[in-house]
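Please look over the sequence and the structure shown below before reading on.

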Amino acid sequence: MDNTAGIDAPIKSVKGVGAKTELLFQKIGVYTIGDILLRFPREYAAFPQPVEISTISQAAPGRRQAVIFRAENAAIVKYTRSMPVTIANGSHQGVSMEFLWFRMPFVKNTLKRGQTYILFGCVLNKSGRLSMEQPLIHTPEQYAALAGTLQPVYGLTAGLTNNLYKKTLRWVLGQNLLLPEYLPQKIREAHGLAELNDAVLHVHFPADFEALTKARRRLVFDEFFLFALSVQLQKVQGQKIENQYVVDGDLKPLLEKLPYRLTNAQSRVLEEIRGDLRGPYMMQRLVQGDVGSGKTVLAFLAMYLVSKSGCQSAIMAPTEVLAVQHYETFASYCDLFGVKAHLVLLTGSMTARQKRRAYERMQLFSDAMVIGTHALFQEQAVYDSLALVVTDEQHRFGVRQRETFSYKGHNPHILVMSATPIPRTLAIILYGDLDISVIDEVPAQRLPIKNCVVGTEWRPNAYAFIRREAEAGHQAYVICPLVEESEYAQGEDVISYTHRLQEVLPDSITVACLHGKMRPELKNKIMESFAANEIQVLVSTTVVEVGVNVPNATVMMIEDAQRFGLAQLHQLRGRVGRGDAQSYCILIHTSQEKGSAKRLEILKQTNDGFRIASEDLKLRGPGDFFGIRQSGDLAFQLADIYQDSDVLQMASKEVQRILARDPSLELPEHKNLREKACMFMGGQLERLNL
């Protein structure tokens with residue numbers, strides 16, 4: 001097969017990929033050979049040079065290390081609560097260390113007496129006793145092949161191992177199938193960017209850290225470049241659309257009934273929204289407001305004005321639980337203001353009968369205020385006179401979703417609400433097709449969150465504090481960077497941590513876990529239970545960042561806090577402090593690097609999300625991409641808007657230069673670029689008549 005056809009060939013054409021494996025690949029979005037090439041590692045496992053047990057105390061506790069183990073005695077198997085635990089003891093120059101494998105009795109026969117092995121795992125130091133749990137076992141020869149290398153680790157699904165993924169990828173790379181280079185050579189040379197296929201090869205199997213950095217920089221540039229290009233092309237098409245829904249009205253009677261006064265920032269942004277609604281052109285506006293700054297009431301007031309004018313409006317939330325909460329909040333506003341409105345709730349998990357009733361109400365009431373999730377723009381959802389679309393897009397940047405939603409009406413007003421604190425210079429690029437408003441005040445009645453940054457030795461105090469808060473009727477979040485224990489990745493995981501807290505806390509306190517690998521219906525059920533205080537402690541990954549509003553939650557504890565960006569830590573912290581009680585944020589710092597502690601101290605000094613985001617831009621270095629990417633839930637696979645802000649601005653400038661010279665990408669030198677842009681925009685380039 002030729003190179004072009006090979007890239008588009010189905011993944012089952014790869015040697016060794018049968019029907020069952022093909023289904024597993026499809027589960028993670030890999031359908032073709034091109035897909036596996038362009039699905040990049042989640043992180044990398046570094047294999048340090050092995051050390052003797054006698055020198056292990058010099059390594060930081062909690063850090064993964066390779067240890068030289070001489071099997072002088074046979075390993076033994078003990079049973080704890082019917083669970084087999086394999087135990088081996090090693091020593092060197094009077095220093096002893098214990099190695100344990102849970103539910104792996106076969107290890108006893110793997111470790112041959114008198115042989116030397118390299119054991120790789122996380123070093124634990126409990127009261128001066130060194131140990132390692134679940135270490136990987138290598139012969140010295142096997143480990144020598146890994147030492148000093150960076151091994152890719154991929155986000156996979158059950159049944160698809162990291163080794164199988166790497167084996168499949170190596171086969172594909174061995175076929176020398178080339179991805180078409182679309183980036184003009186002048187741009188690559190001007191910025192020292194690697195050729196596309198070289199970048200793909202070295203991001204999967206880097207020779208060293210320098211090669212990885214260079215490969216990643218090219219691929220990050222691509223993500224930002226294509227994103228900025230799509231934004232600018234949409235902007236050209238969407239500029240100055242005549243206002244077909246001129247909306248105005250008196251909000252004074254409603255504002256007088258509020259139990260509080262709007263902040264000056266809220267009042268300013270509300271007037272900007274009203275100016276758009278009654279102006280000559282359709283609204284395309286982003287409202288940026290920190291967590292708790294009062295965006296929801298502004299969305300309601302805008303939708304109320306549209307409803308009073310006899311037209312429909314819709315607001316889309318990122319999760320079903322939040323959509324239901326928005327619905328209940330809107331209903332409470334109607335009671336507070338003494339207004340009658342036709343509220344319609346539409347979510348994916350509703351029964352067929354409930355959805356049918358919602359569709360009927362959308363057809364029946366031309367002034368309906370519709371609240372829901374992605375179900376709002378599915379084919380069956382037909383609107384009568386949709387004049388305003390409000391989207392909560394803090395969970396992703398993208399013009400395609402807004403574009404799809406807007407086709408439900410005839411060029412409705414678009415209002416995007418975001419709680420992501422993005423410095424204005426970056427927001428202008430990311431939301432280049434929108435006007436930007438900022439709510440830069442938080443209501444005075446909110447109690448500031450009390451923050452602390454502590455080491456792992458403080459965990460027992462933190463557990464006791466969580467217990468006291470739960471027994472006082474409050475709730476707590478505990479955030480971990482990993483879903484489950486990993487043989488490569490370092491850090492606390494949700495599943496193990498949940499079991500640990502269930503043992504530490506009394507039975508009267510219900511502890512549950514939440515993570516992105518769960519089925520949507522199970523995630524919704526857990527979040528609903530937490531919102532209802534049926535769960536007191538929720539151990540979770542960052543999926544709670546946009547999940548649910550729980551005013552009763554007063555504690556946010558974040559493990560391995562240095563692995564997260566400051567802006568994301570601030571977002572997580574914003575899950576608490578939403579009620580009347582004093583709230584707390586506990587950041588557990590597990591790194592020995594001085595710089596990471598300094599970064600975390602900024603969170604103690606301020607609750608201002610925009611200041612924190614600006615500081616994050618200054619402090620994050622080029623090596624930080626081994627941590628948790630801030631924009632993990634955004635439209636980017638590798639790129640991070642904070643860490644890679646310089647590349648974002650560089651890519652944006654190149655897009656502007658190209659479009660200034662060739663607005664429709666029709667020049668021969670832009671042939672591949674036009675095809676790539678069309679693929680990236682899901683075919684929208686042709687529909688834009690460009």
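Helices and strands are here DSSP runs, numbered from the N terminus, with helices (H or I) spanning at least four residues and strands (E) at least two. Counted in this way, the protein chain has 25 helices and 21 strands. The model is a predicted one, in which local features need pLDDT of at least 70 and side-chain atom pairs count only at pLDDT 80 or more, while totals for chains, interfaces and linings use all residues. Residues are numbered from 1 along each chain as its sequence is written, and side-chain values rest on heavy atoms, with hydrogens and water left out.

A residue is called buried under 20% relative accessible area, exposed over 50%, and partly exposed in between, with a 1.4 Å probe and protein chains only. Of the 690 residues of the protein chain, 55% count as buried. Contact means heavy atoms within 4.5 Å, and among the contacts in the protein chain between residues at least 6 apart in sequence, 72% join residues at least 24 apart.

How do helices H12 and H13 meet? The axes are lines fitted to C-alpha atoms, for helices over the stretch in contact, and the angles run from 0 to 180 degrees between N-to-C directions. Angles under 35 degrees count as roughly parallel, over 145 as roughly antiparallel, 65 to 115 as roughly perpendicular, and the rest as oblique. Helix H12 covers residues 295-308 and helix H13 residues 320-337, and their axes come within 11 Å and cross at roughly 65 degrees. H12 is therefore roughly perpendicular to H13. On the side of H12 the contact is made by Thr-296, Val-297, Phe-300 and Met-303, and on the side of H13 by His-326, Thr-329, Phe-330, Tyr-333, Cys-334 and Phe-337. For sorting these by class, Ala, Val, Leu, Ile, Met, Phe, Trp, Tyr, Cys and Pro count as nonpolar, Asp, Glu, Lys and Arg as charged, and the others, Gly among them, as polar. The contact of H12 with H13 then has seven nonpolar, three polar and no charged residues.

H13 also meets helix H19 (residues 520-531), and the axes of these two come within 9 Å and cross at roughly 45 degrees, so that H13 and H19 are oblique to each other. Here Glu-320, Val-321 and Gln-325 in H13 meet Asn-524, Met-527, Glu-528 and Ala-531 in H19. By class, this contact of H13 with H19 has three nonpolar, two polar and two charged residues.

Helix H19 also holds Ile-526, which counts as buried because its relative accessibility is 11%. Leaving aside neighbours within four places in sequence, Ile-526 is in contact with Cys-513, Leu-514, Met-518, Ile-535 and Leu-538. The C-alpha atoms of Ile-526 and Leu-538, twelve residues apart along the chain, are separated by 8.8 Å. Cys-513 is also touched by Thr-498, whose contacts beyond four places in sequence are Val-511, Ala-512, Cys-513 and Val-539. Thr-498 has its place in helix H18 (residues 494-504), and with 4% relative accessibility Thr-498 counts as buried.

Rings of Phe, Tyr and Trp (its six-membered ring) pair if their centres lie within 6.5 Å, and planes under 30 degrees apart count as stacked, over 60 as edge-to-face, and the rest as tilted. By this rule there are 18 aromatic pairs. The rings of Phe-300 and Tyr-304 have centres 6.5 Å apart and planes at 20 degrees, so this pair is stacked. Both Phe-300 and Tyr-304 are buried. The rings of Phe-465 and Tyr-584 have centres 4.9 Å apart and planes at 85 degrees, so this pair is edge-to-face. That pair links distant parts of the chain, with Phe-465 in helix H17 (residues 459-471) and Tyr-584 in strand S21 (residues 584-588), 119 residues apart. Phe-465 is buried, with a relative accessible area of 16%, whereas Tyr-584 is partly exposed, with 22%. Ring pairs also link Phe-300, Tyr-304, Phe-330, Tyr-333 and Phe-337 into a cluster.
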